[in-house]
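Welcome! Here are some exercises to work through with the structure in view, each followed by a worked solution.

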Amino acid sequence: MSGLPQPELHKDAKYVFLSDWDGTITDKDSNDFLTDTYGFGAAQRKAHNQKVLKGDLHFRDSFREMLLSVSDNGHDFESCKELLRQNIGLDPGFETFYSWCKENGIPVIIVSSGMAPIIRAVLEKLVGEAEAAKIEIIANDVKYTDAEGTGKTWEIVWRHPESGFGHDKSQSIIPYRSLENKPTLFFAGDGVSDLSAARHADVLFTKVAEDGASDLLKFCVRENIPHVAVANFSQILEDVQKVVVGGETTAQVIAEANHPTSTSA
Ligand SMILES: [Mg+2]
């Protein structure tokens, strides 16, 4: 497979938690915010997402156009990073969730269609440089396209350029399934970049925003994909603990799926 290298698996882990970054771990989607602030704006972005959901446009091509609209408007990469460092926050339950997973030996891996340098920059601001350096990120990358190589102009580099997703998130989950001791696999996501991962985790958490929006939830309902709708990482932690500490099966957790947000979206 061409593109960026495949990361190492956590072969001895009993549980692995993989999560989308934008709008799932963060309080809002950084690429949406960037596009709405510096690029072609919210209306065109939402129209693109609808086409992706319907299957009329690849996520990769939609996302490339979003980012091109930012770069073409004259916004260099550093100013984009800074905008996001100033405006993106964490899900209120994430740090407690992350600490608990760390104490219990559960790898938490960020699986993102965003660009790794932006995710690192935002994470450093939110949790500090030392902690940010320890968090594993599987994402796309960036290439500076100006002659000086300073990021005056830039474009996204896909992890899986041949995939219509640009980064096929299922490739971060599926290899775990053939391990001799397959871990229990959790995945959390919220949007069109997560459609590729939706069918491959043992428990899929669909995060629903405060206004009820969740393209991933819509997709799961339409496609009949079992999932647990959640509003935040505090609810996710409760469910992960049910499996890890309480001994419930993943099927039980999905069947319960009774967080308040389940009926609101
Ligand atoms: Mg997202």
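## Exercise 1: Helix 2

Work out whether the span of helix 2 agrees with its number of residues.

Step 1. Helix 2 covers residues 42-54, which is 13 residues; helices (H or I, at least four residues) and strands (E, at least two) are DSSP runs, numbered from the N terminus.
Step 2. At 1.5 Å a residue (the expected span is 1.5 Å times one less than the number of residues), helix 2 should span 18 Å, and its end C-alpha atoms are 18 Å apart, so the two agree.

Before going on, a note on the model. It is a predicted one, in which local features need pLDDT of at least 70 and side-chain atom pairs count only at pLDDT 80 or more, while totals for chains, interfaces and linings use all residues. Residues are numbered from 1 along each chain as its sequence is written.

## Exercise 2: The two sides of helix 2

Find which residues of helix 2 are buried, and what covers them.

Step 1. Count C-beta atoms, placed from the backbone: a residue is buried if 20 or more others lie within 10 Å of its own, exposed if 12 or fewer, and partly exposed in between.
Step 2. In helix 2 the buried residues are Arg45, His48, Asn49 and Val52.
Step 3. These residues cover an arc of only 100° around the axis (taken from the directions from the helix axis to the C-beta atoms), so they lie on the same side of helix 2.
Step 4. Ala43, Ala47 and Lys54 are exposed on the other side.
Step 5. The cover over the buried residues includes helix 1 (30-38), helix 3 (59-72) and helix 9 (215-223).
Step 6. After helix 2 comes Gly55, with a positive phi near 90°.

## Exercise 3: Strand 1 and its partners

Identify the strands that pair with strand 1.

Step 1. Two strands pair if DSSP finds at least two bridges between them.
Step 2. Strand 5 (residues 184-189) runs parallel to strand 1 and is joined to it by 5 bridges; here Ser19 is opposite Ala188.
Step 3. Strand 2 (residues 108-115) also pairs with strand 1 in the parallel sense, over 3 bridges, and Phe17 is opposite Val108.
Step 4. Strand 1 (residues 15-19) has 4 of its 5 residues buried, so the rest of the structure largely encloses it.

## Exercise 4: The whole chain

Describe the chain's make-up and its burial.

Step 1. The chain holds 11 helices and 7 strands.
Step 2. Of its 265 residues, 42% are buried.

Notes: Contact = placed C-beta atoms within 7 Å.
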